[in-house]
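Please keep the sequence and the structure in view while reading.

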Amino acid sequence: MGKTTVGASVGVAAARSGLDVLLVELEGDSHLGRPFGAGQLGYAATELERFDGGGRLRARHLTAREAMRQYLDAGGINRITERLPRTGLVDLVTSAAPGLADLVLLGKIRQLEQRGEADLIVVDAPASGHAVGFLMAPRGLARTAASGPVRHQADLALELLADQARCQVTLVTMPEEGPVSEVIETGFALEDEVGVRLGPLVVNGCLAAVDGLAEAVAQAPARPRGAGAASLAAARFRLERLASQADQTARLARELPLPQVRLPFLFTPGVDRAGLDRLAAALAVAPAVPSAAAPSPTATPAATATEAVV
Amino acid sequence: MDEALVYLGSGGVGKTTVAAASAVAAARDGARVVVLTIDPARRLAETLDLDGPGDEARLVTGPWPGELWAAQLHPTATLAEVLRRHGRPGQAERILANPTFQAITHATPGISEYMAVERLHQLHTDPRFDLVVLDTPPSRHAIEFLDSPQRLCRFVDNRLYRTVLAPRSGVLRSASSAGRLALRVVARLVGMELVDNVVRLFADLDGLDQGFRDRAAEIGGLLTSPRCRYRLVTTARPETVAEAAWIGRSLIDRGLAVDAIVANRVAPSFTASAAATTGSGGGRSRSSGPMAANLAEFSALAVGEAELLAGLTEALGELPVLRVQERAQMARGRDALVELAGELAPVTLPRPPARTRLPPPTR
């Protein structure tokens, strides 16, 4: 759906407006750094760009394993387990309590937020099938753990997710049948089961209408030759695409009542730095887009907002 | 001869649909083919009659002379069967009853991949089928699935469990007390019940490692045999192309039989079709304005994508590339698969079996 790209664009838009933004990648190899000329991201933050007006954009790649290791170390495991195969212990604990890895990651994000690491933290969350599970992890663990450190962590994560001033989820989709059906399902699941605030719905890859295209097709000869045939085929393709796109965005508006922000289809195979600027510009003019509006740093100077892009 | 065809690629490139369509193409060639899907979208599951709970292969009817079967992978069901096969009486039931077991099957890296190759092997040896087409689970690294049998062996043979719970030799005795202490601290963090379940689970897994190792060797034999062919699926995006290049390179380095690249959902190429249908370019002046501007946008996209995909073939050598063009609107249900099968047909599929094994043609 381009959620990594949309997350980066949200970051660019916010940094351009003067915020200190941290992009958090959870799954490796997202190529988040590529448009900025940065390679693979590490666990520590990498600065991607500084903006006029004081804004900056940094990114880091949080892994469950590293976060879990830190968590266990903080719990005092470190001193005792020096003689044990440490990665084995971490893997075992992580796999035996699914959700614990997710909780530890959310805990790490919360820690970054509490420390005021950035004005806005944009999290590139797992893809829709896994996003609900990821954000549900604290609820599940809070249910099974009556007390103790896990319960405490789960409560803190739930508090962050439920706090509309600190956290919101931005859903990303494309104007096609499958992605639209999927995002409707995800949206309801997040609202019902996680209770998190949903930001505007980003519809990525929307073809722009071309003025006069339909009229030109109507006036074109029925059987053109050469370049005319190619133009006509391309025009028909676009018109058909536009019609189905309109159907799908209308269905989306009907079934998932959230404001939509439409991002343009860029006609490039990847999205480079200039492409991110175009998407960021489209996000910045849309009303109620989280990056610019939610973490209003002048109103609440100490507050940090966290945004998960799903 | 029985064949297997494995589709690999990043998540979201349309692997499941491409695998299903290539199975349709084989059925149109007269083969008795089964496609094993991992996580089909609802519409595809309905088309393949896979919305039920079981993992048995079901016959999908359609306008083809061969037979198309479809099965959905249920890792937990497959794992239960594997445990029953390798375990002592009662051992599988104890493991299956452990609350931690199901959690582990979902969360441990490599388990669903292993179950996919386990099912691939089962279907491959099933005399009902000439060809098995496998859609692979969305791993962070698709290649993980090749190593999954070994990974599962390592899991069952977990060193931590040996250190903590099986201090049979003097050398390990001291490590074991440190291990028990570690478990107590872990229990403080995650709860005693969870630790108990893990400990019991590993105690119950005891003795399974040899069976798993033998099976892993057998499955490894199929995966590396020339009868198992691999295809890369990608879209024309830098991330998916980079992943396909990496997977392809890893497969080729292991000496595995990579036979094609499927470039899925590439931009439609209007200029090529125009060149094919025309002699002299007559309508040029008529198509200026909005139509020309629109064509220019799609042409630029097609050029950019072609460059990106050229880099992939350069990296992987002379592999046939099948370009499946993006449609203005996707056909639905079985028609969509048949349409896609037509586009996938140009790459030679594994040879259909001896004609004598075919059911009488339906038309």
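Predicted model: local features only at pLDDT ≥ 70, side-chain atom pairs only at ≥ 80, totals over all residues.

Among contacts in chain B between residues at least 6 apart in sequence, 79% join residues at least 24 apart.

## The sheet of chain B

The 8 strands of an open sheet in chain B follow the order S3-S4-S2-S5-S1-S6-S7-S8, and their pairing is mixed. Which strands stand at the edges? They are strand S3 (58-60) and strand S8 (321-325) of chain B; each has a single partner strand, so one side of each is left without a neighbour in the sheet. From one strand to the next, the twist averages 25°.

Within this sheet, strand S2 (residues 32-37) of chain B runs parallel to S4(B), and 6 bridges join the two. Thr37(B) stands opposite Gln72(B) in S4(B).

## Strands of chain A

Chain A has an open sheet of 3 strands in the order S6-S7-S8, with parallel pairing. Its edge strands are strand S6 (172-173) and strand S8 (260-264) of chain A, each of which pairs on one side only. S6(A) pairs with strand S7 (residues 201-206) of chain A over 2 bridges in the parallel sense, and the bridge partner of Thr173(A) in S7(A) is Val203(A). Helix H11 (residues 273-285) of chain A lies across S7 and S8 of chain A and runs at about 155° to S8(A).

Elsewhere in chain A, strand S3 (residues 56-61) is mostly covered, as 5 of its 6 residues are buried.

| Strand joined to S3(A) | Direction | Bridges | Residues standing opposite |
|---|---|---|---|
| S1(A), residues 20-25 | parallel | 6 | Glu25(A) and His61(A) |
| S2(A), residues 46-50 | antiparallel | 4 | Glu47(A) and Arg58(A) |

S2(A) and S3(A) also form a hairpin with 5 residues between the strands, where Gly53(A) takes a positive phi near 95°.

## Two helices of chain B

Helix H3 (residues 75-86) of chain B has 12 residues and reaches 16 Å from its first C-alpha to its last, close to the 16 Å expected at 1.5 Å a residue. Its buried residues are Thr78(B), Leu79(B), Ala80(B), Val82(B) and Leu83(B).

How many residues of H6(B) are buried? The number is 13 of the 14, so H6(B) is largely enclosed by the rest of the structure.

## Aromatic rings

Two rings count as a pair if their centres lie within 6.5 Å, and the pair is edge-to-face if the planes are over 60 degrees apart. By this rule there are 6 aromatic pairs over all chains. One of them is formed by Phe237(A) and Phe270(B), which are edge-to-face at 5.6 Å centre to centre, with 65° between the planes. Phe237(A) lies in helix H10 (residues 227-255) of chain A and Phe270(B) in helix H13 (residues 270-277) of chain B, so this pair joins two chains. Both Phe237(A) and Phe270(B) are buried.

Another pair consists of Trp69(B) and Phe129(B): the ring centres are 5.6 Å apart and the planes stand at 70°, so the pair is edge-to-face. It links distant parts of the chain, with Trp69(B) in strand S4 (residues 67-72) of chain B and Phe129(B) in the loop between helix H6 (111-124) and strand S5 (131-135) of chain B, 60 residues apart. Trp69(B) counts as buried at 14% relative accessibility, and Phe129(B) is buried with a relative accessible area of 1%.

Ring pairs also link Phe237(A), Phe265(A), Phe267(A), Phe270(B) and Phe298(B) into a cluster.

Charged side chains lie over rings as well. The charged end of Arg128(B) sits over the ring of Trp69(B), 5.1 Å from its centre. In chain A, Arg60(A) lies over the face of Tyr43(A), at 5.3 Å from the ring centre.

How values were computed. Residues numbered from 1 in each chain as written. Chains lettered and ligands numbered in written order. Heavy atoms only, no water. Phe/Tyr/Trp six-rings, centres within 6.5 Å; stacked < 30°, edge-to-face > 60°. Buried < 20%, exposed > 50% of the residue type's maximum accessible area, 1.4 Å probe, protein only. Lys NZ or Arg CZ within 6 Å of the ring centre and 35° of its normal. Expected span 1.5 Å × (residues − 1). Pairing = 2+ DSSP bridges. Contact = heavy atoms within 4.5 Å. Axes fitted to C-alpha atoms, helices over the stretch in contact; angles between N-to-C directions.
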